[in-house]
Amino acid sequence: MRDSNEVLICPACGHEMQKVYIANSELYLDICLQGCGGIFFDNREFEKLDEQSENIDEILNILDNKNFINVDQTVQRSCPSCGSLMVKNFASIKHEVEIDCCYICGGKFLDNGELMKIREQYKTEQDRSEDFNKYLLSFIKTEMDALEIERIKGETNRSGLKRVFDKCFEKIRKKF
Ligand SMILES: [Zn+2]
Ligand SMILES: [Zn+2]
C-alpha cells in the first residue's frame, strides 16, 4: 500500500502532481494541475468513482477552464506509484476510450479530457447498466457454449462451471 501523502510525479509530463480532495467520494486524487491535467487513480479509487457519476462532475469542475500542456499520448508511461510500465487499455465495454493501466498495483492514469469522454459515453446511469447487462448476457452465452462443447467432448467437470461463474462475478465486480 502506498503512502497517501507521497508526492507523485506525473508519468506524462514529469510535473509534481497535487493531492486534490474530492468531497463527494471522500478521497484524495493525484492530479497534474501544474502540467498536463492528467489524473492518477489507485485501484480502489477508480472503482469508487465508477459507482456514482456525481463525483466525476466534481473532478471535471476542478479541471475546468485551466490551461494544460499537451503531452504525447502514444508514449508508454511508467506507473507513478510503483514504477512499472503501464499498458493502454479500454476504460469500458464501449471500447472508445483508452487509458493507461498498471497491472502490478492496479493504478490508472487518465490524460486530460479522458474522464470527460468516459463520462459522455452514457447519458444516464441506466443506459450504462443496460449496456453492461447486454454485454454480460452475451459473455455468459459464449462461456456456456464453450462449456457445452467441452461437455460433448467429455472434458467437462464441475470446475468448468465454477470457472464461468468466477469470470462473471469478476466482470460484475469491475463492471467491465
Ligand atoms: Zn502531467
Ligand atoms: Zn503501479
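I began with the zinc ion (ligand 1): its 4 donor atoms subtend angles of 95 to 120°, so the arrangement is tetrahedral. For four donors that label requires all angles between 85 and 135 degrees. The model is predicted, so I kept to its limits: local features need pLDDT of at least 70, side-chain atom pairs count only at pLDDT 80 or more, and totals for chains, interfaces and linings use all residues. Residues are numbered from 1 along each chain as its sequence is written, chains are lettered from A and ligands numbered from 1 in the order written, and side-chain values use heavy atoms, with hydrogens and water left out.

**Entry 1: ligand 1**

I looked up which residues hold the zinc ion (ligand 1). They are Cys10, Cys13, Cys32 and Cys36, each through SG, at 2.2 to 2.3 Å. A donor here is an N, O or S atom within 2.8 Å of the metal (3.2 Å for Na, K and Ca); water is not among the atoms, so sites may look incomplete. Cys13 and Cys32 link distant parts of the chain, 19 residues apart. Cys13 sits in the segment before β1 (18-22), and Cys32 in the loop between β2 (27-31) and β3 (39-41). Helices (H or I, at least four residues) and strands (E, at least two) are DSSP runs, numbered from the N terminus. I then checked cover: Cys32 is buried at 0% relative accessibility, while Cys13 is partly exposed at 21%. Buried means under 20% relative accessible area, exposed over 50%, partly exposed in between (1.4 Å probe, protein chains only).

**Entry 2: ligand 2**

For the zinc ion (ligand 2) I found Cys79, Cys82, Cys102 and Cys105 as donors, again SG atoms, at 2.2 to 2.3 Å. This site is tetrahedral, with angles of 99 to 121° among its 4 donor atoms. The donor spacing reads C-x2-C-x19-C-x2-C. Here Cys79 and Cys105 join distant parts of the chain, 26 residues apart. I placed Cys79 in the loop between α2 (54-63) and β4 (87-90), and Cys105 in the loop between β5 (98-101) and β6 (108-110). Cys79 is buried at 3% relative accessible area; Cys105 is partly exposed at 31%.

**Entry 3: Asn65**

I stopped at Asn65, in the loop between α2 and β4. Its phi is positive, about 60°, although it is not a glycine. Most residues other than glycine have a negative phi. Asn65 is exposed, at 74% relative accessibility.

**Entry 4: helix α4**

I compared the span of α4 (residues 125-152) with expectation. The expected span is 1.5 Å times one less than the number of residues. Buried residues in α4 include Arg128, Phe132, Leu136 and Phe139. Residues three or four places apart in an α-helix point the same way, because there are 3.6 residues a turn. Just after α4, Gly154 has a positive phi of about 80°.

**Entry 5: nonpolar patch**

Which helix gives the most to the nonpolar patch? Helix α5 (residues 158-174) does, with 4 residues. I listed the members: Met144, Leu161, Phe165, Phe169 and Ile172, with about 480 Å² of accessible area together (Shrake-Rupley method, 1.4 Å probe). Patch residues have over 30% relative accessible area and no salt bridge; nonpolar side chains are joined within 5 Å, like charges within 9 Å. A salt bridge is a side-chain nitrogen of Lys or Arg within 4 Å of a carboxyl oxygen of Asp or Glu. Leu161, in α5, is partly exposed at 36%.

Note on methods:
Tetrahedral: all angles 85-135°; square planar, octahedral: opposite > 155°, others 65-115°.
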